[in-house]
Amino acid sequence: MSSLNNKKALVTGASRGLGRAIAVRLAKAGADVACISRSVESVAQTVEEINALGRKAKGYAVDVADGAAVEAAVGEIATEFGAIDILVNNAGVTRDGLLMRMSAEDWDAVINTNLKGAFHWTKPVSRLMAKQRAGKIVNIASVIGLIGNAGQANYAASKAGLIGFSKSVAKEFASRGITCNVVCPGFIDTDMTKVLSEEIKKKLLERIPLQRFGQPEDVAGVVEFLCGQAADYVTGQVVTVDGGMVI
Ligand SMILES: NC(=O)c1ccc[n+]([C@@H]2O[C@H](COP(=O)([O-])OP(=O)(O)OC[C@H]3O[C@@H](n4cnc5c(N)ncnc54)[C@H](O)[C@@H]3O)[C@@H](O)[C@H]2O)c1
């Protein structure tokens, strides 16, 4: 029997990159997955891939920054899947720029998606998990939330905020059997990082002891572990998956 057999998972930002790899990985471990993205079309391939594994999946178009839309979606998903056992807050964006030139819009867009988005999902889902007296929440932050980065003040603030948020959720819900952990990826090969110049990539690579960029699967495996029984006694932790970049 797979470790997540028949668990009901919800993954945000599941259309591509890390979210897609996480959704498929959880399905391979036996979970059914509600796949969230900004449009149903964008998440169709992930849903197909999971269905091909013999697991249930359904796509939902929800902007994670829209609290009312999230609340409605949680009700719909709980009815459709019968429960939500696992929540992975993965959806995230960047709007990079030096602070002196950073607009309030770029600040808000990143905070509202990366940080407030996690609040929007965690609040109604934790209510359901508390009733079940079980649940696993994994939030995808970033090493940038640990060490900061010039040109990413908004992104670093959102990810550092997510870490503080997760530790608080871990403490608040521990007595209800809910764990909440954070994964901090380093440089992972996805659409988000494809935009970086070759020069920046070369410099980054020099700082990675394992001498390669990460693949989405590298992150998905750690998320699967944190969602499974093997991690029942692990909560409030920040797991860095970065090839040793921030040792
Ligand atoms: N790629 C990396 O190197 C890296 C490193 C550290 C952290 N991360 C984090 O991992 C997560 C996934 O990153 P990725 O590289 O796969 O990015 P990506 O850009 O390839 O995918 C992001 C996903 O989030 C979704 N999304 C964005 N805004 C949304 C919104 N408002 N509502 C609903 N869905 C929304 C997109 O549709 C997409 O599915 C992000 O939180 C990112 O900050 C990535």
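## Cavity

A search of the whole structure, which is a predicted model, finds one cavity of 30 Å³ or more. About 50 Å³ of space lies in the largest cavity. Its lining is made up of Thr12, Val64, Asn89, Asn90, Ala91, Thr113, Asn114, Gly117, Ala118, Ile140 and Leu162.

By residue class, this lining divides into five nonpolar and six polar residues, with no charged ones. Helix H4, which spans residues 104-132, gives the most to the lining of the largest cavity, with four residues.

## Second largest pocket

The second largest pocket has a volume of about 290 Å³. It is lined by 18 residues, and the closest to its centre are Lys7, Lys136, Cys227, Gln229 and Asp232. Five residues of the lining of this pocket are nonpolar, nine are polar and four are charged. In the lining of the largest cavity, by contrast, no charged residue is found.

## Nonpolar cores

The largest nonpolar core holds 37 residues, of which Leu10, Ile77 and Trp121 touch the most other members. Two or more residues of this core come from each of strand S2 (32-37), helix H3 (67-81), H4, helix H6 (153-173) and strand S6 (178-185). H6 gives the most to this core, with eight residues.

Leaving aside neighbours within four places in sequence, Ile77 is in contact with Leu10, Ala34, Ile36, Tyr60, Gly82, Ile84 and Trp121.

## Cysteines

The whole structure was searched for disulfides, and zero were found. For Cys35, the nearest cysteine sulfur is that of Cys227, 14 Å away, and Cys35 is in no disulfide. Because a disulfide needs two cysteine sulfur atoms within 2.5 Å, the 14 Å between the sulfurs of Cys35 and Cys227 rules out that pair. Cys35 is buried, with a relative accessible area of 0%.

Cys227 is also in no disulfide, and the nearest cysteine sulfur to that of Cys227 belongs to Cys180, 11 Å away. Cys227 is buried too, at 4% relative accessible area. Cys227 is also one of the residues closest to the centre of the second largest pocket.

## A buried lysine

Lys201 sits in helix H8, residues 198-206. Is this lysine buried or exposed? Lys201 has a relative accessible area of 16%, so Lys201 counts as buried under the 20% cut-off. Not counting residues up to four places away in sequence, Lys201 touches Phe187, Thr193, Lys194, Leu196 and Phe213.

Asn6 is not a glycine, yet has a positive phi of about 65°. Asn6 lies in the segment before strand S1 (8-12). With a relative accessibility of 46%, Asn6 counts as partly exposed.

Arg133 likewise has a positive phi, of about 55°, without being a glycine. Arg133 is placed in the loop between H4 and strand S5 (135-140). At 52% relative accessibility, Arg133 counts as exposed, because the cut-off for that class is over 50%.

Note on methods: Residues are numbered from 1 along each chain as its sequence is written. This is a predicted model: local features need pLDDT of at least 70, side-chain atom pairs count only at pLDDT 80 or more; totals for chains, interfaces and linings use all residues. Side-chain values use heavy atoms; hydrogens and water are left out. On a 1 Å grid over the protein atoms alone, a cavity is a set of points where a 1.4 Å probe fits but cannot get out, and a pocket is an open set with protein on both sides within 12 Å along at least five of seven lines; lining residues have an atom within 4 Å of a point. Grid points are joined across faces, edges and corners, and a volume is the space filled by probe spheres set on the points. Ala, Val, Leu, Ile, Met, Phe, Trp, Tyr, Cys and Pro count as nonpolar, Asp, Glu, Lys and Arg as charged, and the others, Gly among them, as polar. A nonpolar core is a set of buried Ala, Val, Leu, Ile, Met, Phe, Trp, Tyr and Cys residues joined through side-chain atoms within 4.5 Å. Buried means under 20% relative accessible area, exposed over 50%, partly exposed in between (1.4 Å probe, protein chains only). Contact means heavy atoms within 4.5 Å.
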